[in-house]
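Thanks for coming. I will go through one structure today, and I will keep it plain. Please have a look at it first.

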Amino acid sequence: MLNVRKVLPNPASVSVLAGLALGALATTACESRYGKPQAVTIGQLATMLRTPEPPHLFDANGEPTRKEYGVIPGATLLPSCSDYSPTLLPQNKADPLVFYCASTWCGAAEKAAQRALSEGHTKVAVLPEGIKGWREAGMPTSQVN
């Protein structure tokens, strides 16, 4: 039998490892229940938006970020990344959805996308680079009124 005290003599280390293990189990359970949103690149999204049936686009940023960086034209502005009304999503759960927030360090798009998955939507993606990456790539933005 493995003696944890011999492998990890510091009790604090054991607590940290146990917490990490429990966190990993919770994340895995969440992903297996609803799936995980796909990631799309700026180039992929730009191409998708030029098609006859573009994806539904959702901005999960807060007001300060929207004022500073603008929004991707045509995006639906979510009031919150985790507490938005499902009526903001299309009725057809097979319609493609793309969520974005500020940048790779922001988790709002992922939270909003997970909410859509939990509502039964099947084609859910996030733009990890967010509005900052979109602007840095020279893509169009519009200002919020």
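Which residue in strand 5 is the bridge partner of Gln38? The partner is Ala125. Before going on, some ground rules. This is a predicted model, where local features need pLDDT of at least 70 and side-chain atom pairs count only at pLDDT 80 or more, while totals for chains, interfaces and linings use all residues. Residues are numbered from 1 along each chain as its sequence is written, and side-chain values use heavy atoms, with hydrogens and water left out.

pLDDT is the predictor's confidence in each residue, from 0 to 100. The chain averages 82, and 77% of the residues score at least 70. Over residues 1–32, pLDDT stays under 50. Where pLDDT is low, the predicted coordinates should not be read in detail.

Now the strands. Helices (H or I, at least four residues) and strands (E, at least two) are DSSP runs, numbered from the N terminus. Two strands pair if DSSP finds at least two bridges between them. Strand 1 (residues 38–39) and strand 5 run parallel, joined by 2 bridges. Strand 5 also pairs with strand 4 in the parallel sense, over 4 bridges. There, Tyr100 stands opposite Leu127 of strand 5.

Which way do the residues of strand 5 point? Val124 and Val126 point one way, Ala125 and Leu127 the other way, and all are buried. Buried means under 20% relative accessible area, exposed over 50%, and partly exposed in between, with a 1.4 Å probe and protein chains only.

Next, helix 5 (residues 108–118). Together with strand 4 and strand 5, helix 5 makes a right-handed β-α-β unit. Right-handed means that, with the strands pointing away from the viewer, the path from the first strand over the helix to the second runs clockwise. Helix 5 is largely enclosed by the rest of the structure, because 8 of its 11 residues are buried. Among them are Ala112, Gln114 and Leu117. After helix 5 comes Gly120, with a positive phi near 100°.

Last, the rings. A search of the whole structure finds 1 aromatic pair, where ring centres of Phe, Tyr or Trp (its six-membered ring) must lie within 6.5 Å, and planes under 30 degrees apart count as stacked, over 60 as edge-to-face and the rest as tilted. Phe58 and Phe99 are stacked, 4.9 Å centre to centre with 20° between the planes. Phe58 lies in strand 2 and Phe99 in strand 4, so the pair ties together parts that are 41 residues apart in sequence. Both Phe58 and Phe99 are buried.

Technical notes
Contact = heavy atoms within 4.5 Å.
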